[in-house]
Amino acid sequence: MRKGEIMQENKEYTILDLFNDTDKFNRIAGAYNDLSFESFDNQLKIIKEEFYEFHDGHATQDLVEICDGLIDTYITLFGYQRKLEEKYDIDFSAIMQKIAENNLSKFLPGDNSALVSETIAEYAKKGQYVTSGYNHEYNVFVIRDAVTKKVKKPINFVPVDITKEVLGE
């Protein structure tokens with residue numbers, strides 16, 4: 001990027017480019033100068049506004065509104081994240097990695113069909129109907145809510161602990 005240019009020009013624009021351009025936008029606008037609770041509260045209101053735009057687009061099946069609202073929601077969330085980093089010196093890189101790795105641990109290795117059956121039985125005891133499928137490409141079982149298709153946690157799932165990354169403890 002040449003000096004004085006506001007946006008990068010890439011052949012393929014990625015989520016990282018969006019994050020960096022959002023950060024640049026917020027720095028130019030002075031968004032990180034006020035890190036009071038009120039400024040976080042105002043940012044949250046903006047996030048909600050953009051999310052509702054996305055939600056409304058979904059409800060009306062308006063693809064233009066969906067895409068615009070979705071990207072604007074990312075942008076406003078990125079702004080909130082950067083404010084947290086500025087105020088509290090939180091290492092979101094480590095947090096993102098830990099959460100991503102933890103999410104991937106929801107999939108059970110292909111040789112663990114007994115745990116799949118146990119997990120399905122445990123959900124059934126709670127009145128929740130789940131199904132299992134097998135992903136041949138990754139050699140893992142996937143347990144899903146039968147209605148929403150949300151990936152569910154196996155019974156041996158260990159939740160992620162990001163306390164150290166957030167609080168420095």
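The model is predicted, and the values given here are computed from it. The protein chain has six helices and three strands, which follow one another along the sequence in the pattern α-α-α-α-β-α-β-β-α. Its radius of gyration is 21 Å, well over the 15 Å that the globule rule gives for 169 residues, so the protein chain is more spread out than a compact globule.

**Overall dimensions and packing**

- Taken along the principal axes, the box filled by the C-alpha atoms of the protein chain is roughly 60 × 45 × 35 Å.
- Of the 169 residues in the protein chain, 28% count as buried, and the chain exposes about 12,000 Å², of which carbon and sulfur atoms supply 56%.
- When contacts between residues at least 6 apart in sequence are considered, 57% of them join residues at least 24 apart.

**The sheet**

- Three strands make up an open sheet in the order S1-S3-S2, and their pairing is antiparallel.
- Strand S1 (108-109) and S2 stand at the edges with a single partner strand each, so one side of each is left without a neighbour in the sheet.
- S1 and S3 run antiparallel and are joined by two bridges, and Leu-108 stands opposite Phe-141 in S3.

**Salt bridges**

- Eight salt bridges are counted in the model, and one of them pairs Glu-86 with Arg-27, whose closest N and O atoms are 3.0 Å apart.
- Because Glu-86 lies in helix H3 and Arg-27 in helix H1, this pair ties together parts that are 59 residues apart in sequence.
- Both partners of that pair are partly exposed, Glu-86 at 35% relative accessibility and Arg-27 with a relative accessible area of 43%.
- Glu-85 forms a salt bridge with Arg-82, the closest N and O atoms being 2.4 Å apart; these two residues lie three residues apart in helix H3, about one turn of the helix, and both are buried.
- Salt bridges with shared partners join Asp-23, Arg-27, Arg-82, Glu-85 and Glu-86 into one network.
- In helix H2, the side chains of Lys-45 and Asp-41 meet in a salt bridge with an N to O distance of 3.7 Å; the two residues are four apart, and are therefore separated by about one helical turn.
- Asp-41 is partly exposed, with a relative accessible area of 30%.

**A nonpolar surface patch**

- Ile-15, Leu-16, Leu-70, Ile-71 and Tyr-74 form a nonpolar patch on the surface, and together they have about 410 Å² of accessible area.
- Helix H1 (15-29) and helix H3 (63-88) are the elements that give two or more residues to this patch, and the largest share, three residues, comes from H3.
- Ile-15, one of the patch residues, lies in helix H1.

**Loop residues and positive phi values**

- Most residues other than glycine have a negative phi.
- Gln-61, in the loop between helix H2 (37-59) and H3, has a positive phi near 55 degrees, and this residue counts as exposed at 69% relative accessibility.
- Asn-139 likewise has a positive phi near 55 degrees; it is placed in the loop between strand S2 (130-135) and strand S3 (140-145), where it is partly exposed with a relative accessible area of 42%.
- Asp-34 is placed in the loop between H1 and H2 and counts as partly exposed at 41% relative accessibility.
- Leaving aside neighbours within four places in sequence, Asp-34 is in contact with Ser-39 and Lys-83, whereas its C-alpha atom is separated by 26 Å from that of Ile-15, which is 19 residues away along the chain.

- Asn-102 has its place in helix H4 (residues 92-104) and counts as buried, because its relative accessibility of 13% is under 20%.
- Apart from neighbours within four places in sequence, Asn-102 is in contact with Phe-157, Val-158, Pro-159 and Val-160.

Definitions and conventions
Residues are numbered from 1 along each chain as its sequence is written. This is a predicted model: local features need pLDDT of at least 70, side-chain atom pairs count only at pLDDT 80 or more; totals for chains, interfaces and linings use all residues. Side-chain values use heavy atoms; hydrogens and water are left out. Patches are made of residues with over 30% relative accessible area and no salt bridge: like charges are joined within 9 Å, nonpolar side chains (Val, Leu, Ile, Met, Phe, Trp, Tyr) within 5 Å. Accessible areas come from the Shrake-Rupley method with a 1.4 Å probe; for residues, only the protein chains shown count as cover. A salt bridge is a side-chain nitrogen of Lys or Arg within 4 Å of a carboxyl oxygen of Asp or Glu. The radius of gyration is taken over C-alpha atoms; the globule rule is 2.2 Å times the number of residues to the power 0.38. Buried means under 20% relative accessible area, exposed over 50%, partly exposed in between (1.4 Å probe, protein chains only). Contact means heavy atoms within 4.5 Å. Two strands pair if DSSP finds at least two bridges between them.
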